[in-house]
Amino acid sequence: MDLVKLFHDVVETVPAYRAFLAEHDIDPAQIRTFQDFVGLPMTSKDTYTRRHPLPDLCRHGVIGDIVAVSSGSTGEPAFWPRTAADEHAVAARFEEVFRDSFAAHERRTLAVVCFALGTWVGGLFTLACCRRLAELGYPVTVVAPGGDKREILRVVPELAPHFDQVVLLGYPPFLKDVIDAGLPWSRWQVKLVTAGEVFSEEWLTLVASRAGIADPVRGIASLYGTADAGVLGNETPLSVEIRRFLAERPTVARELFGESRLPTLVQYDPGARFFEEHEGTLLFSGDNGIPLIRYHIADDGGLIPYERMLAFARDHGLEPSAPGPERPFAYVFGRSRFTVSYYGANVYPENISVGLEQPEVAGLVTGKFVMEVAEDERRDRHLTVTVELAPGEKPSDGTAEAVGASILSQLRRLNSEFAHYVPEARQTPVIRLRETGDPDYFPPGAKHRYTR
């Protein structure tokens, strides 16, 4: 990507960015080199997109041909126009997953869009990208029941027998709900495409088993995307193999990522999106419905060049078997505000998820939870985890005890801060059990939030 060229094109065509540069006393004519470019001030929702009228953020002040709405992590709506050209660029990430992981160029494929439809970005964007694959000649047929679980369970058994494989695309906890409904998934060569959340290898193994996916490396792929810019990167068989290797070696993972918890690990095309690291977070530049220059997305993570990643893997005993594109890696933990702080230790949703995915409790719960640090009447603080029970399960002291023990075991194993900072007497979480679809904590159809 010619970043200087992109910069000057955005300056010329986007009124809001010209105003942004003027506010910072920057003369665009002085930006001539890569070093000049990376010295530009960062943009963000607070400093840029929320401060200007929507048309001024778009090229020539004209809103694109479709608009998506995102609530983000704060609940405040943001509007993201895009064009068909934007969707074609992002479809390349879907194409790589469908071709290299699922061999969809050789197999009749039913793509089932399980992301919410409507103004939200995920469903309609995914629908457009899957239809783009069909335009390119892939034998892909799309059905879009969205987040309606009953409709998914109605249409899949009718359509699946006519295809060689079925690809379910949606958020991880919702896909697990669908899989757990008990259809004969193993008959239909199911594959999964997820986005939006980091999940553990224990989760992947559990869901793969229930869906009849024999090879998770080529049967489940995660996309890293944002409403701001579409899909920025995707898992490849190579990145999945490396991540599975690191899942068994928390110390090695900490050496590579700076933390023992596992991030999403994807590869990205630097010709389409230019990534940078900033104090342990990511920013990117790219051409979109709203062109963005050095845009801070506030996701915790980092970048690893291809050769460095392969050398690191080999130095620690992994000779990857899966071929992969020679492109850089991005790792993404998500946003730090989704953690809770307890006795100075950051407790991450991933730590709790692994506890709920252990064999002794996985059948009792859906995997959804809400964690918070609550005070009792004595003003003592407790790590409290509200857990959704599997359909048909009722709250009981025995289940709460088993769930709490499993979560505690994995917290101590995976989170060294927790194990060392939190007094032993305060480490056992308070478990509150709720039945499936509890309206206060687990309302059906809503995008789930893991912290309060």
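Where does Val140 sit in this predicted model? Val140 belongs to strand 4, which covers residues 140-143.

**View 1. Val140 and the residues around it.** Leaving out residues up to four places away in sequence, Val140 touches Phe98, Thr109, Ala111, Cys130 and Ala134. Leu232 is 92 residues away along the chain from Val140, and 23 Å separates their C-alpha atoms.

**View 2. Phe98 and the largest nonpolar core.** Now over to Phe98, one of the contacts of Val140. The largest nonpolar core has 60 residues, and Phe98 is among the four that touch the most other members, along with Tyr17, Phe94 and Leu169. Setting aside neighbours within four places in sequence, Phe98 is in contact with Ala103, Ala104, Thr109, Ala111, Cys130, Leu133, Val140, Val167, Leu169 and Val193. Another core lies apart from that one, with 27 residues that include Ile152, Leu175, Val207 and Ala211. In soluble globular proteins, nonpolar side chains tend to be buried together.

**View 3. Cys129 and Cys130, with no disulfide.** For Cys129, the nearest cysteine sulfur belongs to Cys130, 7.1 Å away. Why don't the sulfurs of Cys130 and Cys129 form a bond? At 7.1 Å, they are too far from each other for one, since a disulfide needs the sulfur atoms within 2.5 Å. Cys129 is buried, at 0% relative accessibility, and Cys130 is buried at 0% too. Cys130 also turns up among the contacts of Val140 and of Phe98.

Methods. Residues are numbered from 1 along each chain as its sequence is written. This is a predicted model: local features need pLDDT of at least 70, side-chain atom pairs count only at pLDDT 80 or more; totals for chains, interfaces and linings use all residues. Side-chain values use heavy atoms; hydrogens and water are left out. Helices (H or I, at least four residues) and strands (E, at least two) are DSSP runs, numbered from the N terminus. Contact means heavy atoms within 4.5 Å. A nonpolar core is a set of buried Ala, Val, Leu, Ile, Met, Phe, Trp, Tyr and Cys residues joined through side-chain atoms within 4.5 Å. Buried means under 20% relative accessible area, exposed over 50%, partly exposed in between (1.4 Å probe, protein chains only).
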